[in-house]
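Dear colleague,

I am handing over the structure below, and my notes on what was found in it follow directly after. Please read them with the structure open beside you.

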Amino acid sequence: MRIGIDDTDSPRGMCTTYLGALLARRLASAGMVVRELRLVRLNPNVAWKTRGNAAIAITVDGSPATAFEMACRAVEEYADMDCENTNPGVVVATRPLDPAFYVKAVRDFCEIEEAEQFLVSSGAIFRGYKNKRGLIGAAAAVASEFPDCTYELLAYRDEGRWGTPRAVDRESIFSADSHTFPHTWDSVDRENRVVVCVPHSPDPVLFGIRGERPGWLSLAREHIISEKPSLEQVFVTNQGTDAHLLEEPAGRMKEGCSYLLRGTVAGPAVTAKGGHVSFPLECEDGTCVQCMAYEPTKNFREIVRSLLPGDRLVVAGSYKGGSINLEKLRVVVVAAPVTSRPPVCERCGKRMTSAGTGKGFKCRRCGGRSREAETRQVSRSLAPGWYEVPPIARRHLARPLCRGDPGSNFIPGRST
Ligand code: ATP
């Protein structure tokens, strides 16, 4: 059976993954066989998420009724029910649920009633607390199928330390990264010299290591020096897989969904107040969409600034407020723009001026004439290929390029 849980935390604390790790240990103590823990990221643009819109699913062998009661008890014990925005959901299903519900939850928006109807028609056992919104994530986690997956090792803090500064040796994280990158990623941001895998919120997470296989997580883990974690858990996840991206004509984009678009740069990149960089992209269906690289994307903005009209691109990102918030882009063809100016007079060496529209050029000093302008190819340092935001600005679901070049036949959410 699969147990799904979501929406147990608040900005004041807790974390649904921690609750899942605790519950897995309780189920095992009760004699059940825990086969897998899943950390399932859902649409990153839902307004009511606390942090990263995560839900969990546990695959376990045992009595569904007992597992359901134990899951509900854990939620009632640990969820921050006083927070208005905490609306937990618990689901137990003994048969596979239609993965289409998961796909919708990771790429689009679902309604609470829709989740309830889905669960009733699937024959699942479920309980929603308060406004029951957590049933959406819990149902999606249970229904999830991962055509591509990665892993995350999460280390959790002793309850007594929650809310206090985390004692994690910074250099040991850099060491873990240098010994295991690119098989692990986003522990640190080397270019910006920032540790990324240690949160700053008052939740129970001490650190999280993301990687391709559990073996690489263990290798990285061995390097990390920190306060003693109360427990550690490896989750199978859809993080780093681009599962959120849709391929749709730009004209059909919907606010809050994320897309992979192909098009041509239609104007120069402009840097606005605050350091946000944007440019217009004319997509294959003729729709023009503004692409944004916000200030937190740091050095990625240099790539965006170097784009010129005519460059052919593939871009990935969320459609919010009428523009695409870039997560990565592929330069398919670097345009070779040519600049032209009046030629130098062959007789007297002075630069000519325009003789009027369609009349060529004239030397103001000696009266010499020429029909040909002087042209020069603009030199470009930009090379074709993929470029991405740095780890500090990466979305959980975004596939990092260190997992391999997605290639030209890139299909979102699929392993390549
Ligand atoms: P937590 O660690 O508790 O999971 P979080 O940042 O993941 O924190 P939640 O507190 O779970 O965020 O809030 C997200 C809420 O949005 C949940 O109630 C979840 O069921 C709901 N939700 C998730 N995906 C969608 C979606 N695609 N459409 C509508 N609601 C969604």
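**The chain as a whole**

The chain has 8 helices and 24 strands, where helices (H or I, at least four residues) and strands (E, at least two) are DSSP runs numbered from the N terminus. This is a predicted model, in which local features need pLDDT of at least 70 and side-chain atom pairs count only at pLDDT 80 or more, while totals for chains, interfaces and linings use all residues. Residues are numbered from 1 along each chain as its sequence is written, and side-chain values use heavy atoms, with hydrogens and water left out.

Taken along the principal axes, the C-alpha atoms of the chain fill a box of roughly 100 × 50 × 35 Å. Of its 416 residues, 51% count as buried; buried means under 20% relative accessible area, exposed over 50%, and partly exposed in between (1.4 Å probe, protein chains only). The chain exposes about 18,500 Å², of which carbon and sulfur atoms supply 50%; accessible areas come from the Shrake-Rupley method with a 1.4 Å probe, and for residues only the protein chains shown count as cover. Among contacts (heavy atoms within 4.5 Å) with a separation of 6 or more, 69% are between residues 24 or more positions apart.

**The ligand**

The ligand is surrounded by 23 residues, the closest being D7, D9, T16, R51 and A54; a residue is counted as near if one of its heavy atoms lies within 4 Å. This shell divides into 8 nonpolar, 8 polar and 7 charged residues, with Ala, Val, Leu, Ile, Met, Phe, Trp, Tyr, Cys and Pro taken as nonpolar, Asp, Glu, Lys and Arg as charged, and the others, Gly among them, as polar. Helix 5 (residues 134-143) gives the most to the shell, with 3 residues.

Several polar contacts are found here (pairs of N or O atoms within 3.5 Å; within protein, one must be able to donate a hydrogen and the other to accept it, and residues adjacent in sequence count only if both atoms are side-chain atoms). A polar side-chain atom of D6 lies 2.8 Å from an oxygen atom of the ligand, and a backbone N or O atom of N53 lies 3.0 Å from an oxygen atom of the ligand. A polar backbone atom of C110 is 2.9 Å from a nitrogen atom of the ligand. Taken alone the ligand exposes 630 Å², and the protein buries 98% of that.

In helix 3 (residues 99-107), the residues F101, Y102, A105 and V106 are buried. Seen down the helix axis, the buried residues of helix 3 fall within an arc of 130° (that of the directions from the axis to the C-beta atoms), so they line one face of the helix. They pack against strand 2 (33-41), helix 4 (112-122) and helix 5. At the N-terminal end, D98 caps helix 3, with a side-chain oxygen 3.0 Å from the backbone nitrogen of A100.

V40 lies in strand 2 and is buried, with a relative accessible area of 0%. Leaving aside neighbours within four places in sequence, V40 is in contact with N53, A54, A55, Y102, A141, S144, F146 and N238.

**D311**

D311 is placed in the loop between helix 8 (300-305) and strand 17 (312-320), and is buried, with a relative accessible area of 0%. A polar atom of the D311 side chain lies 2.7 Å from the backbone nitrogen of A335.

With kind regards
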